[in-house]
Amino acid sequence: MASGFFVLKGGSSGGDGDTDFLPAEGTNYGDAPTCPSCGRFIGMCEWLPPYRVLLECYSDDYGDFAYGPGGQFLVSDLFVEKFNRSNLTGVSRFDRVLVERVVRRKRRVLNTPTYYVTTLDYSSCAIDPRASGMEYGHPPSETCPECLFGGIINRYDRVVIEPSSWKGEDIFTPRGLRVIVCSQKFVEFCAHNGFLNGRFAPAETCSEDFGISSGA
Ligand SMILES: [Zn+2]
């Protein structure tokens, strides 16, 4: 059964607009956000400005999406312009990125678009751990009611959003799993505008096995 949610997939595709990036040397990071209830880290360390990157493009054209480490992604100026004129929700801000160096794997690449780093709103939307087939490993601990982390995740079979927790956000990170989830409307918006390198997989097909033995 299709949920209507999609997961934004990073990594290299080999397809049109295949682009990724690395934060430049000397990039500064702040603290990682913690859960107000249990104090666990609930995200990656905050990337502090100035946002300087090394861009790598494997295709004839630059992507409107570029992927970096830790689930971070950039979007093009064209994306920002269209997004700001849409009625899509979930982004709290776009910050301009300084491209320090570009590695081009193909010749025909022309002007580098201006890229922006995307910060998402805090979402109260939550994963349904049971329906997602989540398995937690050590340390066995109680699941925090706020952040929904219940120890290290060994694996999950699919990404299922707890329906009543979704308030209509079009792009968000659900509580309980660090993935970026998009609405059907968001995916259609990307297709309609022909954005390159936006790679989405139906949430019910997204599984992960971190290869950690559940042990004894
Ligand atoms: Zn918590």
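Which residues is leucine 74 in contact with, leaving aside its neighbours within four places in sequence? In this predicted model, they are Phe21, Ala66, Val97, Tyr115, Tyr116 and Val117.

Colleagues, a word on confidence before I continue. The average pLDDT of the protein is 89, and 94% of the residues score at least 70. Among the elements, helix α1, residues 77–84, has the highest mean pLDDT, at 98, while strand β9, residues 135–136, has the lowest, at 86.

Let me turn to the core. Leu74 belongs to the largest nonpolar core, which has 44 residues. Together with Val7, Ala66, Val159, Val181 and Cys182, Leu74 touches the most other members. Strand β1, residues 5–8, supplies the largest share of this core, namely four residues. In general, nonpolar side chains in soluble globular proteins tend to be buried together.

Finally, I come to arginine 96, which lies in strand β6, residues 91–96. Arginine 96 counts as partly exposed because it has 13 C-beta neighbours inside 10 Å. Not counting residues up to four places away in sequence, arginine 96 touches Thr114 and Tyr116. Its C-alpha atom is separated by 22 Å from that of glycine 11, 85 residues apart along the chain.

How values were computed. Residues numbered from 1 in each chain as written. Predicted model: local features only at pLDDT ≥ 70, side-chain atom pairs only at ≥ 80, totals over all residues. Core = buried A, V, L, I, M, F, W, Y, C linked by C-beta atoms within 7 Å. Buried ≥ 20, exposed ≤ 12 C-beta atoms within 10 Å, placed from the backbone. Helix = DSSP H or I, 4+ residues; strand = E, 2+ residues; numbered from the N terminus. Contact = placed C-beta atoms within 7 Å. pLDDT = per-residue confidence, 0-100.
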